[in-house]
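Here are my notes for your first pass through this model. Keep the structure open and check each point as you go.

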Amino acid sequence: MIVPDITNHRHATAEVFAQAVADRIAKQLRLGVEDHGAASLAVPGGTTPGPIFDALAKMQLCWARVAVTLTDERWVPVSDRSSNEALVRHRLLQGPAAEAHMIGLYDASPKPSLGIPGAETALRQLSRPLDAVLLGMGGDGHFASLFPGLPDLAEGLNPESATICIASDAPINGQPRLSLSLGFLLRSRLILLAIRGADKLAVIERAKTAAASELPIAAILRQGRVPVEIHFTEE
Ligand SMILES: O=C1O[C@H](COP(=O)(O)O)[C@@H](O)[C@H](O)[C@H]1O
């Protein structure tokens with residue numbers, strides 16, 4: 001069995017955590033532009049990434065050669081405060097990073113399953129593999145919008161699947177969702193898992209032995225293809 005390359009990075013404060021993750025992403029993007037002339041990044045929504053985006057947006061790099069997409073989207077208009085794309089546009093695509101190219105997942109389709117063709121067409125603009133994937137994690141072990149109990153969770157967590165997007169037309173945690181699949185996320189050079197709070201660290205520990213159907217993050221910890229950096233702060 002391939003032992004996954006997982007490194008743990010504990011940070012003393014929320015500020016140090018945000019800066020460290022932003023620095024790591026910036027390093028990866030610079031490498032991508034230097035090596036391939038372009039770089040691509042997938043980022044989450046939720047409550048964790050905002051300060052990371054604030055720090056990353058200030059960094060000097062060739063943002064015009066960087067494409068930013070989402071690991072998942074709540075199926076609401078970008079004008080909605082719960083939109084992940086809105087979070088990225090308001091907190092990351094600012095300052096120097098305003099030059100980056102945003103590839104959103106949401107379109108005007110009435111439900112996410114009907115939005116899959118448009119999202120997959122948009123995602124083809126990305127330079128592949130992704131240079132960096134930033135993931136958050138919910139207290140239930142979900143990442144992106146791959147939640148326990150999701151009808152298509154097995155397909156979404158199948159690393160061999162060619163499926164790119166997984167839709168949940170039924171609301172999960174408040175909204176219908178569109179998520180990138182594990183198979184798509186593993187076509188990347190680095191995964192950064194950014195988690196805050198001791199409760200989430202306990203979920204990571206449980207996920208080392210739990211089934212991915214119970215704690216989807218287990219699928220990230222068990223894959224052996226992409227290096228994973230777990231960045232953690234208690235705050
Ligand atoms: O709903 C979502 O939740 C996860 C985790 O969010 P956090 O607030 O606990 O960091 C997030 O990664 C995902 O993108 C988002 O849609």
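Helices (H or I, at least four residues) and strands (E, at least two) are DSSP runs, numbered from the N terminus. This is a predicted model: local features need pLDDT of at least 70, side-chain atom pairs count only at pLDDT 80 or more, and totals for chains, interfaces and linings use all residues. Residues are numbered from 1 along each chain as its sequence is written, and side-chain values use heavy atoms, with hydrogens and water left out.

1. **Arg189.** Start in the loop between α6 and β9 (191-196), where Arg189 is found. Arg189 counts as partly exposed because its relative accessibility is 30%. (Buried means under 20% relative accessible area, exposed over 50%, and partly exposed in between, with a 1.4 Å probe and protein chains only.) The side chains of Arg189 and Asp131 are joined by a polar contact of 2.8 Å. A polar atom of the Arg189 side chain also lies 3.4 Å from the backbone oxygen of Pro129. (A polar contact is a pair of N or O atoms within 3.5 Å; within protein, one must be able to donate a hydrogen and the other to accept it, and residues adjacent in sequence count only if both atoms are side-chain atoms.)

2. **Neighbours of Arg189.** Leaving aside residues within four places in sequence, Arg189 is in contact with Gln28, His36, Pro129, Leu130, Asp131, Val226 and Pro227. (Contact means heavy atoms within 4.5 Å.) Glu120 is 69 residues from Arg189 along the chain, and their C-alpha atoms are separated by 20 Å.

3. **Helix α4.** Which residues of α4 are buried? In this helix, residues 112-123, they are Pro112, Gly115, Ile116, Ala119, Glu120, Ala122 and Leu123. They lie on the same side of α4 because they cover an arc of only 150° around the axis. (The arc is that of the directions from the helix axis to the C-beta atoms.) The buried residues of α4 pack against β3 (66-70), β5 (101-103), β7 (165-172), β8 (175-180) and α6 (182-185).

4. **Ser168.** Look in strand β7 for Ser168. Ser168 counts as buried because its relative accessibility is 6%. Its side chain reaches the backbone oxygen of Ala170 at 2.7 Å. Not counting residues up to four places away in sequence, Ser168 touches Pro112, Leu150, Pro176 and Arg177.

5. **The core.** The largest nonpolar core has 84 residues, and Leu92 and Phe143 have the most contacts inside it. (Such a core is a set of buried Ala, Val, Leu, Ile, Met, Phe, Trp, Tyr and Cys residues joined through side-chain atoms within 4.5 Å.) Helix α1 (residues 14-36) gives this core its largest share, eight residues. Beyond four places in sequence, the residues that Phe143 touches include Leu135, Leu157, Leu182 and Ile220.

6. **Two positive phi values.** Most residues other than glycine have a negative phi. Ala144 has a positive phi, near 50°. Ala144 is found in the loop between β6 (132-135) and α5 (153-156), and is buried, with a relative accessible area of 8%. Asn173 also has a positive phi, of about 50°. Asn173 sits in the loop between β7 and β8. Is Asn173 buried or exposed? Asn173 is exposed, with a relative accessible area of 55%.

7. **The ligand.** A polar side-chain atom of Thr47 lies 2.5 Å from an oxygen atom of the ligand. For Thr48, the distance is 2.6 Å.
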